[in-house]
Amino acid sequence: MTPRHLYVHVPFCARRCSYCDFSIAVRRSPPVDEYLRALRSEIGSLSLARTPELETLYFGGGTPSRLGAHGMAASIDLVRESFSLASGAEVTMEANPEDVTEGAARVWKNSGINRVSLGMQSFDDSVLKWMHRTHTAAQSVEAVEAVRSAGIRNLSVDLIFALPRSLNRSWESDLARAIDLAPEHISLYGLTIESATPLARWQERGAMVPATEDTYAEEFMLADRIATVAGYEHYEVSNFALPGKKSRHNSAYWSGAEYLGIGPSAHSFDGETRRWNVRPYTEWVARLENGRDAIEGSERLTASNRDAEKLYLGLRTSAGLSASGSDLERVREWENAGWARVEDDVVHLTSEGWLRLDSLAAGLTGL
């Protein structure tokens with residue numbers, strides 16, 4: 001592979017959030033040296049045709065900021081031993097607000113980080129506690145100030161909507177407070193209940209009643225209205241950006257580009273085959289320490305699979321999907337319902353259409 005996009009999974013977290021089913025490793029003190037040794041081993045095992053020049057580098061998790069200022073800097077240095085960064089490359093790290101200080105942010109910036117994604121989720125402290133988040137609303141504001149003071153000019157924030165009504169959370173207030181902080185990018189995710197999470201157990205014993213589909217739709221549309229009025233482009237189902245500030249890394253996924261993933265549970269795609277690493281951190285480390293690769297499985301996509309993914313990914317972004325023939329005739333029905341618009345035979349779903357993304361995609365030829 002000669003990938004232009006690299007994802008590095010950092011699994012460490014201070015605590016598992018109530019909704020989380022990601023590949024994480026809860027550690028009071030993350031084993032930074034052990035992690036870096038395993039990461040170096042995995043990079044050394046890769047079959048790279050040449051030294052790839054990266055257009056985007058993304059540290060996700062887990063919580064990359066748990067590595068600390070110098071642990072993150074060492075991670076970037078390690079990647080640079082085998083990869084080069086293109087001029088103007090987007091280098092992103094995810095961070096939790098409680099880990100961000102001006103001093104740490106300055107180290108991150110000096111090491112090459114030029115984009116930070118903050119996992120705020122809410123500005124309501126009681127909601128944050130319910131989510132098992134380990135930060136406060138005040139720390140979110142302080143983190144933004146620290147990132148800005150360090151000179152990082154590309155900031156993304158995450159919020160979660162469609163929470164149980166019993167929490168009495170004001171979604172409109174959370175949106176307003178996030179926009180007041182003037183981030184360049186906002187990601188909004190509807191709460192989903194995954195099996196084997198605290199949230200699922202709460203639901204099973206009747207301690208939590210999830211939001212209704214109507215609440216989900218109402219809050220999704222409210223976010224669309226408020227963010228677009230504030231100057232953000234709703235460019236993908238869950239993502240909003242100021243002009244020129246779309247996530248270049250995630251946009252590569254949505255365009256079907258090749259990408260490489262390293263770290264526990266990380267996925268890679270070479271245009272034909274998708275591969276993924278073992279999920280548990282301890283197994284990932286053990287395999288690499290014993291000279292084995294970290295790959296758990298793979299699947300080769302058929303032409304039909306690739307067409308279906310292209311269709312779905314096209315519909316979920318503002319770039320849209322080219323259509324013709326019977327598909328275009330079907331889409332005309334969507335236009336009449338207010339779910340899409342067609343420009344030069346390219347289908348662009350509206351926000352109302354994105355609420356029906358799965359069913360609309362399934363209705364087109366080939367799915």
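Reply: The largest cavity holds about 40 Å³ of space, a volume being the space filled by probe spheres set on grid points that are joined across faces, edges and corners. A cavity here is a set of points on a 1 Å grid over the protein atoms alone where a 1.4 Å probe fits but cannot get out, and lining residues have an atom within 4 Å of a point. Searching the whole structure turns up one cavity of 30 Å³ or more. This is a predicted model, in which local features need pLDDT of at least 70 and side-chain atom pairs count only at pLDDT 80 or more, while totals for chains, interfaces and linings use all residues. Residues are numbered from 1 along each chain as its sequence is written, and side-chain values use heavy atoms, with hydrogens and water left out.

Around the largest cavity stand F161, L188, E219, F220, A223, D224, V237, S238 and F240. Helix α8, residues 213-229, supplies the largest share of this lining, with four residues; helices (H or I, at least four residues) and strands (E, at least two) are DSSP runs numbered from the N terminus. By kind, the lining of the largest cavity comprises six nonpolar residues, one polar and two charged, where Ala, Val, Leu, Ile, Met, Phe, Trp, Tyr, Cys and Pro count as nonpolar, Asp, Glu, Lys and Arg as charged, and the others, Gly among them, as polar.

Open space can be followed in the second largest pocket as well, whose volume is about 270 Å³; a pocket is an open set with protein on both sides within 12 Å along at least five of seven lines. Among the 16 residues that line the second largest pocket, L46, S47, L260, R275 and I295 are the closest to its centre. Two or more residues of this lining come from each of α1 (32-45), β11 (260-262) and β13 (273-277), and β13 gives the most, with three. The lining of the second largest pocket divides into eight nonpolar residues, five polar and three charged.

Strand β13 also holds T273, which counts as buried because its relative accessibility is 11%, buried meaning under 20% and exposed over 50%, with partly exposed in between (1.4 Å probe, protein chains only). Apart from neighbours within four places in sequence, T273 is in contact, that is, with heavy atoms within 4.5 Å, with S268, S298, E299 and R300. D180, by contrast, is placed in helix α6, residues 171-180, and counts as exposed because its relative accessibility is 65%.

Two bridges join β15 to β17, with L321 facing V347 as its bridge partner, whereas four bridges join β16 to β17, residues 346-349. A340 has L349 as its bridge partner in β17, and V342 has V347. Between β16 and β17, which form a hairpin, lie two residues, and D344 in that turn has a positive phi of about 55 degrees. From β17, V346 and H348 point one way and V347 and L349 the other, and all are buried.

Methods
Two strands pair if DSSP finds at least two bridges between them.
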